[in-house]
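Please keep the sequence and the structure at hand while reading the points below.

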Amino acid sequence: MNYLEKLNNKKVLVTGGLGFVGHNLVKRLLHEFNCQVIVVDDCSNSKEEILGEDIQKVRFHKASVLDQDLMSELIEEVNIVFHLACKQISASGSDPKLDLQVNAQSTLEILEKIRHSKLPLLERFVYTSSCSVYGSYKNLPASEDGVTRVLSNYAATKLLGENYTMIYGSNYDIDVSCVRYSNVYGPGQSPTNPYCGVLGKFIHNALTKQPLTIIGDGEQTRDYSYIDDAVEATLLAAVHPRALNEVFNVGTSIETSVNELAEKISSMIPETTQTFIPERDIDNIRRRSVDIEKIHRKLGWNPQININRGLALTIEWYRKYLEV
Ligand SMILES: NC(=O)c1ccc[n+]([C@@H]2O[C@H](COP(=O)([O-])OP(=O)(O)OC[C@H]3O[C@@H](n4cnc5c(N)ncnc54)[C@H](O)[C@@H]3O)[C@@H](O)[C@H]2O)c1
């Protein structure tokens, strides 16, 4: 059965819907499933222009997810809530209270609203968590039932948001699911955004003839997920019956080191150079890869785009975006 068909014509709320993952999700909801989409985003890390003409097709509220009156009102209208709004990891240490409010408290408030209201339309609440909750995990790939070891404020507040989601799912009979993304990359990740990930920064630098800045020795690894794969997993989490009250890793189970990434990009973009700088406080996760057996077994999801293809597609998009 194609469970994604259940999305057809649904009314959905996407918080953080102008962000990197959010706007890609919104586009798919609009164009493939003809959804009525409501977006709440305060534009603290995004711009309306990212949606292009599609901004006319959504109901956009430039507002914070901490605006409880607005959120309460909107939740009553929709079939699915995708809660993506977040403070980024690199900002989480400098403003820890805001990080807590946006990543976790807003989640609690939405869930409280759902718990105390009769919401006949609401079918599912989806929370987007992060594989940073595993910290520096030694038994790779990390599986969902393994230990979490948070090493940043961001990981702590994402895990808290996830925990609230799962608690409300089991204690108050709310239909919820969570996805834990590993490093997501691809078209639409603005390279000028200060929180853009390493892959986007590398491509930007390579295309603009600047060196790729490698932090530390470059042997740290991550598990890179192409954006379309991450969006597909999120949609399945919203409709699949076997996603109910479950947490799923979203990744590839493949580790790619920063040096390997730099080499791959250098081979695709001629004359790329590299430079090394010392590690920062937040660079405390040496290796990462996540086990995707559960999401494959329960939801039938598999990543479709490998890193080489994903890099080629991303470079193509960046060339157009940067006009180089
Ligand atoms: N991109 C990744 O690699 C990755 C990895 C793990 C988890 N995630 C999770 O996926 C989700 C989306 O991440 P992303 O990469 O698209 O991030 P992003 O920063 O691009 O998008 C987040 C959006 O939330 C908005 N926002 C911030 N504070 C807000 C507030 N108070 N009210 C309303 N909107 C607010 C920002 O303006 C932005 O548009 C987040 O929950 C994040 O924790 C992403």
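Glutamate 260 counts as partly exposed, because 14 C-beta neighbours lie inside 10 Å, whereas a buried residue would need 20 or more. The place of glutamate 260 is in helix 8, and its C-alpha atom is separated by 8.3 Å from that of glutamate 219, which is 41 residues away along the chain. The model described here is predicted.

**Helix 8 and its surroundings**

- Helix 8 covers residues 258–268, and its buried residues are Val258, Leu261, Ala262 and Ile265.
- Viewed down the axis of helix 8, these buried residues fall within an arc of 100°, and they therefore line one face of the helix.
- This arrangement can be read alongside a general rule: an α-helix has 3.6 residues a turn, so residues three or four places apart point the same way.

- How many of the residues of strand 6 (residues 176–181) are buried? The count is 6 of the 6, so strand 6 is largely enclosed by the rest of the structure.
- Strand 6 is covered on both faces, with Val176, Cys178 and Arg180 buried on one side and Ser177, Val179 and Tyr181 buried on the other.
- In general, the side chains of a regular strand alternate between the two faces of the sheet.
- Strand 5 (residues 124–130) pairs with strand 6 in the parallel sense over 6 bridges.
- The chain passes from strand 5 through helix 5 (residues 153–171) to strand 6, and this β-α-β crossover is right-handed.
- Valine 126 has serine 177 of strand 6 as its bridge partner, and threonine 128 has valine 179 of strand 6.
- Strand 5 is itself mostly covered, with 7 of its 7 residues buried.
- On one side of strand 5 the buried residues are Arg124, Val126, Thr128 and Ser130, and on the other they are Phe125, Tyr127 and Ser129.

**Further strand pairings**

- Strand 6 is joined to strand 11 (residues 246–250) by 5 bridges, and these two strands run parallel.
- Opposite serine 177 stands glutamate 246 in strand 11; serine 177 is also the bridge partner of valine 126.
- Strand 4 (residues 80–83) pairs with strand 5 in the parallel sense over 4 bridges.
- Within strand 5, tyrosine 127 is the bridge partner of histidine 83.

**Domains and the nonpolar core**

- The domain assignment gives domain 1 (3–185 + 225–253 + 289–305) and domain 2 (198–220 + 255–288 + 312–322).
- The C-alpha centres of domain 1 and domain 2 lie 27 Å apart, and 12 residues of domain 1 are in contact with 11 residues of domain 2.
- Which members of the largest nonpolar core touch the most other members? Among its 89 residues, they are Leu13 and Phe82.
- Helix 7 (residues 227–239) supplies the largest share of this core, 9 residues.
- Each of domain 1 and domain 2 contributes at least three residues to this core.
- Apart from neighbours within four places in sequence, leucine 13 is in contact with Ile38, Val40, Leu74, Ile75, Val78, Val81 and Phe82.

**Backbone exceptions**

- Most residues other than glycine have a negative phi, and most peptide bonds are trans.
- The peptide bond from leucine 140 to proline 141 is cis, with omega near 0°, and proline 141 has its place in the loop between strand 5 and helix 5.
- Glutamate 271 is not a glycine, yet it has a positive phi of about 65°.
- Glutamate 323, in the segment after helix 10, has a positive phi of about 55° although it is not a glycine.
- Glutamate 323 is exposed, with 6 other C-beta atoms within 10 Å.

How values were computed:
Residues numbered from 1 in each chain as written. Predicted model: local features only at pLDDT ≥ 70, side-chain atom pairs only at ≥ 80, totals over all residues. Buried ≥ 20, exposed ≤ 12 C-beta atoms within 10 Å, placed from the backbone. Arc of directions from axis to C-beta. Pairing = 2+ DSSP bridges. Right-handed = clockwise from strand over helix to strand, strands pointing away. Core = buried A, V, L, I, M, F, W, Y, C linked by C-beta atoms within 7 Å. Domains from an automatic or database assignment. Contact = placed C-beta atoms within 7 Å.
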